[in-house]
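What follows is a short walk through one structure, taken a piece at a time. Please keep the sequence and the 3D view at hand while reading.

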Amino acid sequence: MATQLEAFRMVAPEFDAESDAMVQNFLDLAPLYINPEIYPTEQRGLALVLKAASLMFNRKKSSTGSSGGGAVIEEKEGDLMRKYATSADSLKAVDIYESQLNQLSLGVSGAGVMTRIGPYGT
């Protein structure tokens, strides 16, 4: 079974440039935001990984903005070109990790049922 750090690296490849220590800090913070005990034992680690990724995503999203515009959506190093999102563009940035955590929670809250059965019963 993969460690939480290994699972994080598989689930959230957009943070590959972040150090293991930084990722571990967010993994350590995750249980302060969600109660892992409400998830079945086999889903607790994944729930914490998704919450940590969500926290990192939101940190990244808030730190890439500027006072004059939205988040940086394009950046070129040679001859320094930077393009900022309009408010409409910044609304497109969706926290997929929080969405996945919410889907995982559906089976816990009773609002829905998650199964391992794929399409057409496979």
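This is a predicted model: local features need pLDDT of at least 70, side-chain atom pairs count only at pLDDT 80 or more; totals for chains, interfaces and linings use all residues.

Phe8, Phe15, Phe57 and Tyr97 are linked into a cluster by ring pairs. The structure holds three aromatic pairs. A pair of aromatic rings is described by the distance of the centres and the angle of the planes.

In the pair of phenylalanine 8 and phenylalanine 15, the ring centres are 6.0 Å apart and the planes stand at 35°, so the pair counts as tilted; a stacked pair would need planes under 30 degrees apart. Phenylalanine 8 and phenylalanine 15 are both buried. Phenylalanine 57 and tyrosine 97 make up an edge-to-face pair, with 6.5 Å from centre to centre and 70° between the planes. Because phenylalanine 57 belongs to helix 3 and tyrosine 97 to helix 5 (residues 96–109), this pair ties together parts that are 40 residues apart in sequence. Phenylalanine 57 and tyrosine 97 are buried as well.

Helix 3 (residues 41–63) also contains serine 54. Is serine 54 buried or exposed? Its relative accessibility is 2%, so serine 54 counts as buried; the limit for buried is under 20%. The side chain of serine 54 makes a polar contact of 2.9 Å with the side chain of glutamate 98. When neighbours within four places in sequence are left aside, serine 54 is in contact with Asp95, Tyr97 and Glu98.

Two packed helices are described by the angle between their axes and the distance between the axes. The axes of helix 1 (residues 4–11) and helix 2 (residues 20–33) come within 10 Å and cross at roughly 100°. Helix 1 and helix 2 are therefore roughly perpendicular to each other, a term that covers angles of 65 to 115 degrees. On the helix 1 side, the contact is made by Gln4, Leu5, Phe8 and Arg9, and on the helix 2 side by Asp20, Val23, Gln24 and Leu27. Four of the residues in this contact are nonpolar, two are polar and two are charged.

The loop between helix 1 and helix 2 holds proline 13. With a relative accessibility of 47%, proline 13 counts as partly exposed. Proline 13 and alanine 53 are 40 residues apart in sequence, while their C-alpha atoms are 9.8 Å apart in space.

Note on methods: Residues are numbered from 1 along each chain as its sequence is written. Side-chain values use heavy atoms; hydrogens and water are left out. Axes are lines fitted to C-alpha atoms, for helices over the stretch in contact, and angles run from 0 to 180 degrees between N-to-C directions. Helices (H or I, at least four residues) and strands (E, at least two) are DSSP runs, numbered from the N terminus. Angles under 35 degrees count as roughly parallel, over 145 as roughly antiparallel, 65 to 115 as roughly perpendicular and the rest as oblique. Contact means heavy atoms within 4.5 Å. Ala, Val, Leu, Ile, Met, Phe, Trp, Tyr, Cys and Pro count as nonpolar, Asp, Glu, Lys and Arg as charged, and the others, Gly among them, as polar. Buried means under 20% relative accessible area, exposed over 50%, partly exposed in between (1.4 Å probe, protein chains only). A polar contact is a pair of N or O atoms within 3.5 Å; within protein, one must be able to donate a hydrogen and the other to accept it, and residues adjacent in sequence count only if both atoms are side-chain atoms. Rings of Phe, Tyr and Trp (its six-membered ring) pair if their centres lie within 6.5 Å; planes under 30 degrees apart count as stacked, over 60 as edge-to-face and the rest as tilted.
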